[in-house]
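Have the sequence and the 3D view open while you read. We'll take a walk through one protein model, stopping at a few spots on the way.

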Amino acid sequence: MFYAIIRSGDVTELSKFKPNISSQSEGSTKLKIAIIGFGNFGQFLAKAIVRHGHQVLAYSRSDYSHVAEEMGASYFNSVDDLFEQHPEVILLCTSILSTEKVLKSLPVQRLKRNTLFVDVLSVKEFPRNLFLQHLSHDFDILCTHPMFGPESGKNGWNGLAFVYDKVRIGTDESRTSRCDRFLDIFSGEGCRMVEMSCAEHDWHAAGSQFITHTTGRFLEKLKLEATPIDTKGYETLLSLVENTAGDSFDLYYGLFLYNANAMEQLERFDLAFESLKKRLFDRMHGFYRQQVFKHEENLHNVTERRMLPKGSEEK
Ligand code: NAP
C-alpha cells in the first residue's frame with residue numbers, strides 16, 4: 001500500500017512582487033550585505049549580489065580571501081571585525097547541519113539593533129524557529145530558499161523559483177524597503193518570486209526537492225555513462241545526476257534530517273521500488289506457472305496414453 005498524498009488545501013501564493021523602483025538615490029538603495037558561510041552556494045549568490053552593485057562582506061570557517069577578492073567582495077577572518085562594519089543584512093549560507101552552532105556563535109551585540117537576518121537554507125521551518133528563538137525582537141527575519149543552485153542556475157535565474165517568508169519585518173519604511181531591496185536582487189534576475197510560509201515550503205520541498213536529490217544520488221550509485229545510442233529520457237537521467245552530484249552530502253543529509261516530511265517520502269520511495277519489482281516478478285511467475293502447468297498436463301496426457309490398452313489409441 002502506498003501512502004495517500006493529499007495536498008489539498010495547499011495554496012501556493014504567487015506574490016505580486018515587483019522590483020522596488022525607489023525614488024532614493026542610487027547610493028542609498030545599495031545594501032551592505034554580510035555573507036556568513038562562503039562555500040559553494042555563498043559564493044554563487046555573492047557573484048550576483050556584487051553584480052547588482054551591493055557591497056558584500058564575507059566570513060567563513062575556511063579562508064576564502066582570494067575567491068572574495070576576485071569577485072569584488074571583502075573577506076574577513078574574524079566575524080567580530082565583520083560585524084563592526086555594521087552590515088545591514090546578515091545572509092546565512094552555512095550548511096543546514098552547522099547553522100545552529102554558527103548562529104549561536106555570532107557576536108550579534110556588535111550589530112545595529114534592527115539588522116535584517118536572512119537565510120537560504122533548503123529547509124525552512126528549522127531556520128525560522130532558530131531565528132525566532134535566538135534573535136531578539138529588534139532584529140528583522142526573512143527566510144528564503146532560492147530553488148536553484150550553481151548547476152541549475154549557471155545560465156541565469158530567469159524563471160527559476162525564489163521562495164520567501166517575511167517572518168518578522170518591522171513596519172517602518174526603512175525596514176520594509178531594506179527587505180524589498182534585498183528581494184529585488186532576485187526579482188531583478190528574473191526569478192519567479194513565491195511568497196509562502198516556511199511550513200508550506202517544507203511540505204512541498206519534501207515531495208519534490210528531496211525526491212529529486214534522492215533519485216539523483218540513487219542513479220549516481222549506478223555509475224551511469226553516456227552511450228552512442230542515448231535516448232532523450234536517458235539524457236535527462238544523466239543531467240539529473242550531474243545536477244545533484246555537485247551538492248555536498250551534508251546538504252542532502254540536512255534535507256532529510258531537518259525536514260519533518262522527508263522520512264515519509266523516503267519510505268514512499270522504498271515502497272514504490274518494491275511494488276514495481278513485485279509487479280514484474282508476479283507477472284514472470286504467472287508466465288512460468290502457466291508453462292509448468294502446460295508441461296505437467298502434457299506429461300499427464302502422455303502417461304495416460306501409455307497406460308491405455310494397445311490399439312485403443314487409434315479409436
Ligand atoms: P553545504 O555543504 O550545505 O554548506 C557549506 C557551507 O557551510 C560552507 O560555507 C561551509 O563553510 C559551512 N559549514 C559547514 N560545516 C560548518 C561548520 N561545522 N562550521 C561552520 N561552517 C560550516 O553546501 P552549499 O551548497 O554551500 O549550501 C549552503 C547553504 O545553501 C545550505 O544551507 C543549503 O541548504 C543552501 N542552498 C544550497 C543550494 C545549492 O544548490 N547548493 C541551493 C539552495 C540553498 P566552509 O566552506 O568555510 O567550510
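**Ground rules**

This is a predicted model, so local features need pLDDT of at least 70 and side-chain atom pairs count only at pLDDT 80 or more, while totals for chains, interfaces and linings use all residues. Residues are numbered from 1 along each chain as its sequence is written, and side-chain values use heavy atoms, with hydrogens and water left out.

**The sheet**

Let's start with the strands. Eight of them form an open sheet in the order 3-2-1-4-5-6-7-8, and the pairing is mixed. Helices (H or I, at least four residues) and strands (E, at least two) are DSSP runs, numbered from the N terminus. Two strands count as paired if DSSP finds at least two bridges between them. Strands of a sheet pair through backbone hydrogen bonds, either parallel or antiparallel.

Which strands sit at the edges? They are strand 3 (74–75) and strand 8 (192–195), each pairing on one side only. Elsewhere in the sheet, strand 5 (residues 116–119) and strand 6 (residues 140–146) run parallel, joined by four bridges.

**The ligand**

Next, the ligand. There are 28 residues around it, and Ser60, Tyr64, Thr94, Ser122 and Ser248 come nearest. Here, being near means that a heavy atom of the residue lies within 4 Å. Some residues also make polar contacts (pairs of N or O atoms within 3.5 Å; within protein, one must be able to donate a hydrogen and the other to accept it, and residues adjacent in sequence count only if both atoms are side-chain atoms). For Thr94, a backbone N or O atom lies 2.7 Å from an oxygen atom of the ligand. Phe38 also has a backbone N or O atom by a ligand oxygen, at 3.3 Å. Arg61 uses a polar side-chain atom instead, 2.8 Å from an oxygen atom of the ligand. How much of the ligand does the protein bury? Taken alone the ligand exposes 870 Å², and the protein buries 89% of that. Such accessible areas come from the Shrake-Rupley method with a 1.4 Å probe; for residues, only the protein chains shown count as cover.

**Salt bridges**

The structure holds 12 salt bridges. The term means a side-chain nitrogen of Lys or Arg within 4 Å of a carboxyl oxygen of Asp or Glu. Three of them are listed here:

| Salt bridge | N to O distance |
|---|---|
| Asp80 and Arg110 | 2.6 Å |
| Asp140 and Arg178 | 3.0 Å |
| Glu151 and Lys154 | 2.6 Å |

How covered are these residues? Buried means under 20% relative accessible area, exposed over 50%, and partly exposed in between (1.4 Å probe, protein chains only). Glu151 is partly exposed at 29%, and so is Lys154 at 49%. Salt bridges that share partners also join Asp80, Glu84 and Arg110 into one network. Asp80 counts as partly exposed with 28%, and Arg110 does too with 31%.

Are Asp140 and Arg178 buried or exposed? Both are buried. Back to that salt bridge between Asp140 and Arg178: the pair links distant parts of the chain, with Asp140 in strand 6 and Arg178 in helix 7 (residues 173–188), 38 residues apart.

Most residues other than glycine have a negative phi, and most peptide bonds are trans. His86 isn't a glycine, yet its phi is positive, about 55°. You'll find His86 in the loop between helix 4 (79–83) and strand 4 (89–92), and with a relative accessible area of 34% it is partly exposed. Lys223 also has a positive phi, near 50°. This lysine belongs to the loop between helix 8 (198–221) and helix 9 (232–245), where Lys223 is exposed at 67%.

Leu280, Phe281, Met284, Phe287 and Tyr288 make a nonpolar patch of about 540 Å². Patches are made of residues with over 30% relative accessible area and no salt bridge: like charges are joined within 9 Å, nonpolar side chains (Val, Leu, Ile, Met, Phe, Trp, Tyr) within 5 Å. Phe287 lies in helix 11 (residues 262–307) and counts as partly exposed, because its relative accessibility is 45%.
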